[in-house]
Amino acid sequence: MSDPLHNSDAEKRALQVLRGVSSPPPLDQQTAERVWARMRARQLNSKRGKRVAAFWILGGAVAFASLGGWQWARKGAQPQAPVGVTPRANVSSGSPSPSPVDDSVSAIEEALEPEPSVKAAPAKTSRVPGRARGATVPPANGIGEADTLAAESSLMAEALHELRQNEDPSRALKLLDDYSRQFPRGRLTDEATLLKVEAHLGLGDNQSALRVVERRAPSSGKQNELSVLRGELLLRLGRTEEALQIFEAISSASLTRPLLERMLFGLWTAQRRQGMTSAADSTAREYLRRFPEGRFASALSP
Amino acid sequence: VWSDDSSAVPDFAELYRAHVSSVWRWVHRLAGPDGELEDLVQDIFVIAHRRLPHFRRESAITTWLYGITAKVVRDHRRKKRFRALWVRPRQERDEASVEAQAPMLLEQRELNVRVYKVLDRLNERYRTVLIFHEIEGLGAEEIATLLGAKSSNVWMWLHRARQSFAKHLAVVEQEEAR
């Protein structure tokens, strides 16, 4: 059974609210340099602090030991309490107490042990059932929700692997068609659509890619992404006027940063092809303002 | 720069130049509207600098840096929650944040605050995948690389995170309406 919240109005509205969050201000050169300079100052202070701390600890240890030795000599053979226990821990380990400025950082560093390296860690047993090549995924209506989702995810992961790692779009398409057949109302349908488009593009079949997008677009939760994709495909097929309409329509929507970048580039391309020079210049300026180091920046630079 | 340091130092400067923008964005997204951006970014790179010589290159450098970022931000949020128990939140503090330096509509700010209020009620993993996928626009594969997870797991978390977000949003809206 599909989940009652899946694709429900409540979920769609919630996602709209979530996507409405404003973009962070881009990091400007000045701020990057300021953070670097403060970091360097902090590092130097920390080193100086450590040297001072080490000096005092060592001095303290020597003084304490001397005092202990003197007392021992005075009292004869009376054994004394271990001398300089606290400093010894610091001095002999070669790691003096960190300066207060680094307390929070040190605590986090401790939490970071061992180094966050997933591949280094022993492989965890995945709770997602693996799917052998060619094995059949059980139909959705015979198993629990978690298992269905796991089966969907597993099939999608296999398709993704074929597409990106093995670079085999035909095999990926076959798996994605399997997915659509087995999970007609699947919870990863939007992701499957995007992968299908990518697979068709991998085969150089722009027309089929466009058909996939157009079939899915109206009711999708990823409407903005599919609209941008549709515009891009129309541009590829030389249908510039339609592409321009799509990009103009979506330009006022709240887009994620990568989508916004693609939309601006698509809009600029369409405007240029249509001979709308001043509009294209304005779009290029907007792109460069937002993405000065974006992947299309060199193409749009005057 | 860092003239009194070891031979690994030039690599660090390069690491900083190459990744400071990404770290900045991650911190902004994960910490939310009231995060102390510059301090957090600084903490992250201080740790990265110390740990760089021990980096075993068994994972992508972005995964490694993200691991540090996630822990620094989590620690910051934990401290903030703890502080909130004792100290009344100050409006002036918000206005001092970098984000507020740019003119922002009140409604937009309120929306940001509400969204993060809901996100803060989610499980940490759901919160992260939702932020990266729905707000930042990263694909499941990219998120999987950052988190060092399988993309199939990311999809699952994402699906559950969306449901969880919708439920908590309804609760928060009800609370605000009272």
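Let me begin with two helices of chain A in this predicted model: the axes of helix α7 (residues 189-202) and helix α9 (residues 223-236) of chain A come within 11 Å and cross at roughly 15°. Axes here are lines fitted to C-alpha atoms, for helices over the stretch in contact, and angles run from 0 to 180 degrees between N-to-C directions. Helices (H or I, at least four residues) and strands (E, at least two) are DSSP runs, numbered from the N terminus. Because angles under 35 degrees count as roughly parallel, α7(A) and α9(A) are roughly parallel to each other. Their crossing is left-handed, meaning that the near helix is turned anticlockwise from the far one by less than a right angle.

Which residues make the contact, with heavy atoms within 4.5 Å? From α7(A) they are Thr193(A), Leu194(A), Val197(A) and Leu201(A), and from α9(A) they are Glu225(A), Leu226(A), Leu229(A), Leu233(A) and Arg236(A). By class, this contact of α7(A) with α9(A) has six nonpolar, one polar and two charged residues. In this scheme, Ala, Val, Leu, Ile, Met, Phe, Trp, Tyr, Cys and Pro count as nonpolar, Asp, Glu, Lys and Arg as charged, and the others, Gly among them, as polar.

A word on conventions. Residues are numbered from 1 along each chain as its sequence is written, and chains are lettered from A and ligands numbered from 1 in the order in which they are written. The model being predicted, local features need pLDDT of at least 70, side-chain atom pairs count only at pLDDT 80 or more, totals for chains, interfaces and linings use all residues, and side-chain values use heavy atoms, with hydrogens and water left out.

I turn to the aromatic rings. Rings of Phe, Tyr and Trp (its six-membered ring) pair if their centres lie within 6.5 Å; planes under 30 degrees apart count as stacked, over 60 as edge-to-face and the rest as tilted. By this rule there are twelve aromatic pairs over all chains. One of them, Tyr287(A) with Phe291(A), is tilted, at 5.3 Å centre to centre and 45° between the planes. Tyr287(A) is buried at a relative accessible area of 0%, where buried means under 20% (1.4 Å probe, protein chains only). Phe291(A) is likewise buried, at 4%.

In chain B, the ring centres of Tyr16(B) and Phe45(B) are 4.8 Å apart with planes at 70°, so this pair is edge-to-face. Tyr16(B) lies in helix α1 (residues 9-31) and Phe45(B) in helix α2 (residues 37-51), 29 residues apart.

Key: Buried < 20%, exposed > 50% of the residue type's maximum accessible area, 1.4 Å probe, protein only. Parallel < 35°, antiparallel > 145°, perpendicular 65-115°, else oblique. Contact = heavy atoms within 4.5 Å.
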